[in-house]
2 protein chains.
Amino acid sequence: MQSPVPHELPIYRRIADRLRQAIQAGEFHDGDRLPGENALMAEYGIARATARQALSVLINEGVAVPRRGSGVYVRQFRPIRRHGSRRLSRERWGTGRAIWDGDTAGRPYTVDELEIAREPAVDEAARVLGCAEVWVRRRRYSVDGRPVQLAASCFPAELVEGSPVTRPDTGPGGVYARLRDLGHAPAHFTEEVRARMPAPEERDRLGLSAGTPVIVVCRTAFAAGGEAVELNTMIMDAASYVLQYDFDA
Amino acid sequence: MQSPVPHELPIYRRIADRLRQAIQAGEFHDGDRLPGENALMAEYGIARATARQALSVLINEGVAVPRRGSGVYVRQFRPIRRHGSRRLSRERWGTGRAIWDGDTAGRPYTVDELEIAREPAVDEAARVLGCAEVWVRRRRYSVDGRPVQLAASCFPAELVEGSPVTRPDTGPGGVYARLRDLGHAPAHFTEEVRARMPAPEERDRLGLSAGTPVIVVCRTAFAAGGEAVELNTMIMDAASYVLQYDFDA
DNA sequence: GAGTGGTCTAGACCACGAC
DNA sequence: TCGTGGTCTAGACCACTCC
């Protein structure tokens, strides 16, 4: 049977809409199993590919997550709150309370896949840092055993050569304290925030399922003299993060 | 023929990867037409559904955009730079200039679908603003004729009742200048940034193609006394925006 | 072993855009 | 009119999960 009546939504969209509404209405909770392909085929009398198409809508929206050999499940969302400018904490603003309370504060980060190398500067790094070679610190952050962020920090090679910045253990206070020791303490930051779908490599390294965007934060640290001393590109699982920025009028 | 040899990527993924690399290598430029379903079927000797699946990978990644009756094209990316902290400085709205002037780098914007209503406060608005009723200003912004942002500003109903905030034309300096007139000038802002795939209604109103996330910015404005005076939820086409935040160490 | 999602084939009719 | 993408059917074999 050929169905598509012109002025109506296609079957797979209607099924997807109905499932989405059921989720929002609380008929399915986070982590619940949704009707599978076979169930949809039986319930609506449709072909396998059509049932798959309906589920793929929800999967590509990030509403549902498929598990091989098991089923399709409602996605869970437990964001980490990342403060851009922490010194302007919201406690100062008494009545103001966070809008998405992620009780995720205090969960420990782990760093794996740390990789440090001296490389030719490319693209933005060369332009922003104004140098031909950089030391790069690449690492992956995980929370609760799940990878959530890929980060790559670039420093002007001449500036940090021989310092702990080029070694795995940077000591207390991290690279910013070391930049300070070198007489180039960061005094100002600029962060650029974008969102997009991940490249395949990013999807693999972050263990992202379909329908999960990444937030790309590109932070430049400037010393008091105005010269850029670090360019840090962070790629975050959008389902794991809420970024918070505070500033005065 | 049944293909999936365990240790290899499926055909459709290999085709998608190859096309993606060709795009990144500059073989296809922004707006170029990619090989269509028929071309892929012929080139690789595959079924229609498999060719579609390969193209759908790129489409869901936001790399390509399908056009009915025409073909599949490489997506174009022309972001608007939105300044988080600079644009909200008192110099801007204090002198009667619209905040949005600084956003679009000279490209003209339009506001359509403006809708103002007094409503019961729901969810976050009730909690953050601490009131039972709010005035809501909903609008859609377009740049170059393309919708790029949906925004909904909530104000405590008692606070703004009878003021220009409840009317379409808010006068010079916009709602922040009017809040100042009411003795509740915004002194501090908190912005929460998230990214996710759009709901169907958002996708329609913003004219988003598949594979385009939205950036959700939830901004709370606080008066000097610490009370929240506005909650503004902005939903932006992620392909049209770069958010910039500046702050000192 | 039964059930699930993942991949693939080989057809079909439709709406739309370009010519 | 013809080619394009959009939707749909009715099968198939596979790898994986759960029992």
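Q: How much area do chain A and chain B bury between them?
A: The size of an interface is often given as the accessible area lost when the parts come together. In this predicted model, chain A and chain B bury about 4,400 Å² between them, and 57% of that is on carbon and sulfur atoms. Chain A puts 47 residues into the contact and chain B puts in 53.

Q: How many salt bridges are there across the interface of chain A and chain B?
A: Look for a side-chain nitrogen of Lys or Arg within 4 Å of a carboxyl oxygen of Asp or Glu. Here that rule finds two. One of them joins the side chains of A:Glu192 and B:Arg81, at 2.7 Å from N to O. As for the elements, β7(A) gives the most to the side of chain A that touches chain B, with eleven residues.

Q: Which strand of chain B pairs with β10(A)?
A: Check which strands are linked by bridges. β10(A) pairs with β8 (residues 186-196) of chain B in the antiparallel sense, over six bridges. Within that pairing, A:Asp248 stands opposite B:His188.

Q: Now the DNA: how many residues surround DNA strand C?
A: Count the residues around the strand, then ask which parts of the DNA they reach. There are 27, with A:Asn38, A:Arg52, B:Ile11, B:Tyr12 and B:Thr50 the closest. For instance, a backbone N or O atom of B:Ala47 is 3.0 Å from a phosphate oxygen. Bases are reached too: the side chain of A:Arg48 has an N or O atom 3.1 Å from a base nitrogen.

Methods. Residues are numbered from 1 along each chain as its sequence is written. Chains are lettered from A and ligands numbered from 1 in the order in which they are written. This is a predicted model: local features need pLDDT of at least 70, side-chain atom pairs count only at pLDDT 80 or more; totals for chains, interfaces and linings use all residues. Side-chain values use heavy atoms; hydrogens and water are left out. A residue is near a molecule or strand if one of its heavy atoms lies within 4 Å of it. A polar contact is a pair of N or O atoms within 3.5 Å; within protein, one must be able to donate a hydrogen and the other to accept it, and residues adjacent in sequence count only if both atoms are side-chain atoms. Contact means heavy atoms within 4.5 Å. Buried area is the accessible area (1.4 Å probe) that two parts lose on being put together, summed over both. Helices (H or I, at least four residues) and strands (E, at least two) are DSSP runs, numbered from the N terminus. Two strands pair if DSSP finds at least two bridges between them.
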